[in-house]
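Here is a short briefing on one chain. Please look over the sequence and the structure before reading on.

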Amino acid sequence: MKKIVLCLALGVMSAHIATAQAKLGYINSQELLSLMPEVAQAEKDLQAFAKTYQDQLETMGKEYEKKIQEFQTQEKTMTEAVREVKIKEIQQLQERIEFTQQSAQEKVSIKKQELYKPLLEKADKAIKDVATEKKYDYIFDASAGMLLYANESDDVISLVKAKLGIK
């Protein structure tokens, strides 16, 4: 039993020593993305794309409000059959609005992924290039909350910005 504990302790110590010799760096990927000029254009394109859906939903909302007002003002003079038809029309319009909202959210999310994919790939390549050139063993993303402590001298954002040509 003592031999097993000794072997386990030696294994943990050797892993600790190997980690202690590793060169570590960190970067705040959110900060890096905010500095990339292409992100501003991607956001602008995404907002324009989302606005088309927003405009459509606003038009549908106005139509819904108009139908509700018409129903409320004419309800007392409607026959039961007409009242049921109008209520069904309003419900169907409400369902269409909800479906359109859900569909718009999904499409905007997909568009955002499409717009950001090349930017994320470019940043990832620059980070990997810097890590290789500067012989870093690990670079952690500080914005992902995966970092408990970091020496500021190991922040590689200035090197990655230079690689991307960002001042």
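Residues 24 or more positions apart supply 85% of the chain's contacts with a separation of 6 or more. The model is predicted. Its mean pLDDT is 86, with 84% of residues at 70 or more.

**Overall layout**
- The chain holds five helices and two strands.
- Along the sequence, these elements follow the order α-β-α-α-α-β-α.
- Of the 167 residues in the chain, 22% are buried.

**The α3 and α4 pair**
- Two packed helices are described by the angle between their axes and the distance between the axes.
- Helix α3 covers residues 37-74, and α4 covers residues 80-133.
- The axes of α3 and α4 come within 10 Å and cross at roughly 175°.
- That crossing angle makes α3 roughly antiparallel to α4, because angles over 145 degrees count as such.
- The residues of the contact between α3 and α4 comprise 20 nonpolar, five polar and 13 charged.

**T100, a residue of α4**
- T100 lies in helix α4.
- Is T100 buried or exposed? T100 has a relative accessibility of 13%, so it counts as buried, the cut-off being under 20%.
- Which residues does T100 touch, leaving aside its neighbours within four places in sequence? The contacts of T100 are with Q56, L57 and M60.
- Q56, L57 and M60 fall within the 37-74 range of α3.

**Helix α5**
- Helix α5 spans residues 157-164, and its buried residues are I157, V160 and L164.
- Viewed down the axis of α5, these buried residues fall within an arc of 65°, so they line one face of the helix.
- The cover over the buried residues of α5 includes β1 (24-27), α2 (29-35) and α4 (80-133).
- G165 follows α5 and has a positive phi, near 75°.

- Over residues 5-10, pLDDT stays under 50. The model gives residues 5-10 zero contacts beyond four places in sequence.
- Over residues 12-17, pLDDT is below 50 as well.
- Where pLDDT is low, the predicted coordinates should not be read in detail.

How values were computed:
Residues are numbered from 1 along each chain as its sequence is written. This is a predicted model: local features need pLDDT of at least 70, side-chain atom pairs count only at pLDDT 80 or more; totals for chains, interfaces and linings use all residues. Side-chain values use heavy atoms; hydrogens and water are left out. Buried means under 20% relative accessible area, exposed over 50%, partly exposed in between (1.4 Å probe, protein chains only). Helices (H or I, at least four residues) and strands (E, at least two) are DSSP runs, numbered from the N terminus. The arc is that of the directions from the helix axis to the C-beta atoms. Contact means heavy atoms within 4.5 Å. Axes are lines fitted to C-alpha atoms, for helices over the stretch in contact, and angles run from 0 to 180 degrees between N-to-C directions. Angles under 35 degrees count as roughly parallel, over 145 as roughly antiparallel, 65 to 115 as roughly perpendicular and the rest as oblique. Ala, Val, Leu, Ile, Met, Phe, Trp, Tyr, Cys and Pro count as nonpolar, Asp, Glu, Lys and Arg as charged, and the others, Gly among them, as polar. pLDDT is the predictor's confidence in each residue, from 0 to 100.
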